[in-house]
Amino acid sequence: MAKSYDLIIVGAGMVGALSAILLAKSSLRIALVDKHDGHYPLSTPPAYDARVSALSSQSKSLLEEADVWQGIPFDRLACYDNMVVWDGLGEGYIDFNAKTTSMPELGHLVENAVLNQQLMQQVKRIKNIDLYLSDSVNAHELSESGVKAELSSGHLLEAQAIIAADGALSTLRTENAFETVEWDYGHSAIVTTIEIDQSHDNTAWQSFGEEGILAFLPLPAVEQRHYVSIVWSVPPDEAMSLMALDEDAFCQRLHYAINRRFQVLGLTQSRQAIPLRQRHAKQYVKAGLALIGDAAHTIHPLAGQGANLGFGDVKALVAVLIKAHRRGEALGASRVLRRYQRARMLDNIAMAAGMEAFKRVFSTQQPLLVQLRNIGMQQFDRNDNLKRKLIARAAGLNMLS
C-alpha cells in the first residue's frame with residue numbers, strides 16, 4: 001500500500017532540502033528522496049571543502065527562515081563586503097562595496113558540505129518530513145490530480161506533485177522529456193583551497209586575462225593564517241595542463257594569474273577540474289512535476305550566482321504551493337505550477353544570458369575589444385548608481401531608484 005504525502009521531493013541537496021524544510025513548516029507532509037546517504041563529513045580547517053557557495057542576502061534570509069543559518073558554525077563562514085574585478089590585459093577595474101547600498105555585507109562564503117550538513121540536520125528534526133536516503137525513484141506516474149512513485153527500495157509513495165531537485169543531470173527531467181537549450185562553455189573550472197601570504201580583507205577578487213577567469217573567494221583565517229577558495233575557469237586543454245603541474249608549479253602559475261597581488265603559499269585541498277556546461281529547460285513544469293535548481297538551469301560560475309538562483313526557485317515555488325494549499329487547490333495542477341514558472345523563468349533566463357555575454361566579453365583577447373572593455377569598466381566604476389543597482393540585484397533586493 002502506498003504511503004500518502006502532499007509532496008515528493010527528489011534530491012536532498014541544498015535546494016531540495018531547503019524546499020522540504022520550508023514547505024513542512026507550513027504543515028505540508030513531505031517525502032524527501034535522495035540516492036545520497038545524507039552524511040556530509042567535514043574536513044578540519046584549514047582543509048576547507050573545495051566546493052563553496054557565495055550566498056546573497058536573500059539566500060541568507062531563506063536559510064534563517066528555515067532555522068538553518070543559525071546552526072552554521074561561525075568559524076566556517078566568511079562574509080565579504082567588497083568585490084574587486086579587474087582586466088588582466090589592461091587597466092580596467094571595478095570595485096564593488098557593500099557601503100554603496102548601505103548593506104552590512106555583499107554576501108557570505110560557506111562550504112557546500114557545511115551547508116548540506118546543517119540542512120540535513122534540520123530536515124531530521126521536522127516530524128512531517130520522511131527521509132528516503134540511499135534510495136531513488138524507480139518508476140513514477142504523473143497527472144493533474146496526483147502522482148505515484150515506486151522507489152528502488154520497493155516503497156510506494158503517492159502525493160499531489162513531485163518536485164525534481166535532482167541536479168544538473170536530472171533523471172526526472174530526462175525521463176519526462178523536458179526539452180533543454182544547452183551548450184558547452186568550452187571551459188573547465190579548477191577548484192581548490194589555498195593559503196595566501198596576507199589577509200584577503202573580506203574581499204572577493206576576480207581577474208580576467210590571459211590566464212583565464214580566476215576568482216579568489218575569502219575563507220576564515222586560522223591562527224592568523226589566511227585562506228581563499230579559488231575557481232579558475234580555463235579551456236579544457238589548459239585545465240589538463242594545470243592539473244598535471246606539481247603543487248609548487250601550480251602555485252607559481254596562480255601567483256601570476258592573480259597579478260602578483262598575493263603570494264600563494266600552498267594548497268590545503270586537492271584540485272578538482274569540473275567541466276562547465278550551460279543548460280536551461282524550456283519549461284519548468286508539467287502536470288504533477290516541477291523542476292527547481294540545477295535540474296531547471298545551470299550557468300557559468302563566474303559570478304557565483306548558481307546557488308542563489310536555486311534558492312530563488314525555492315522561494316518562488318514555496319510561496320506558490322503554500323498559497324495554493326490554503327486555497328484548497330491541487331498542488332500538482334498545471335495552472336498552479338505554471339505560477340512558479342512565470343515567477344522564475346524570465347529572471348533565470350536573464351541571468352543566464354547575462355553570464356554568457358559577460359563570459360564572451362571577458363574571454364576575448366582581441367586588442368580593440370580589450371581596449372573598449374577597459375574603457376567600459378573604468379566608466380562603470382565611476383557610476384555608483386549603476387553599481388548600487390547591480391549589487392542589489394545580485395543580493396536579491398528590489399531597488400528601483
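Analyst: Happy to. A charge sits over a ring if NZ of Lys or CZ of Arg is within 6 Å of the ring centre and within 35 degrees of the ring normal. Arg 271 meets this over the face of Phe 250, at 4.5 Å from the ring centre, and the charged end of Lys 286 sits over the ring of Phe 178, 4.8 Å from its centre.

Please keep in mind that this is a predicted model, where local features need pLDDT of at least 70, side-chain atom pairs count only at pLDDT 80 or more, and totals for chains, interfaces and linings use all residues. Residues are numbered from 1 along each chain as its sequence is written, and side-chain values use heavy atoms, leaving out hydrogens and water.

Now the ring pairs. Rings of Phe, Tyr and Trp (its six-membered ring) pair if their centres lie within 6.5 Å; planes under 30 degrees apart count as stacked, over 60 as edge-to-face and the rest as tilted. The count by this rule is six aromatic pairs. One of them is edge-to-face: Tyr 5 and Tyr 132, 6.4 Å centre to centre with 85° between the planes. Both Tyr 5 and Tyr 132 are buried (under 20% relative accessible area, with exposed over 50% and partly exposed in between; 1.4 Å probe, protein chains only).

Phe 216 and Phe 262 have ring centres 6.0 Å apart and planes at 15°, so this pair is stacked. Phe 216 is buried at a relative accessible area of 0%, and Phe 262 is buried too, at 4%. Together with Trp 205, Phe 216 and Phe 262 form one aromatic cluster.
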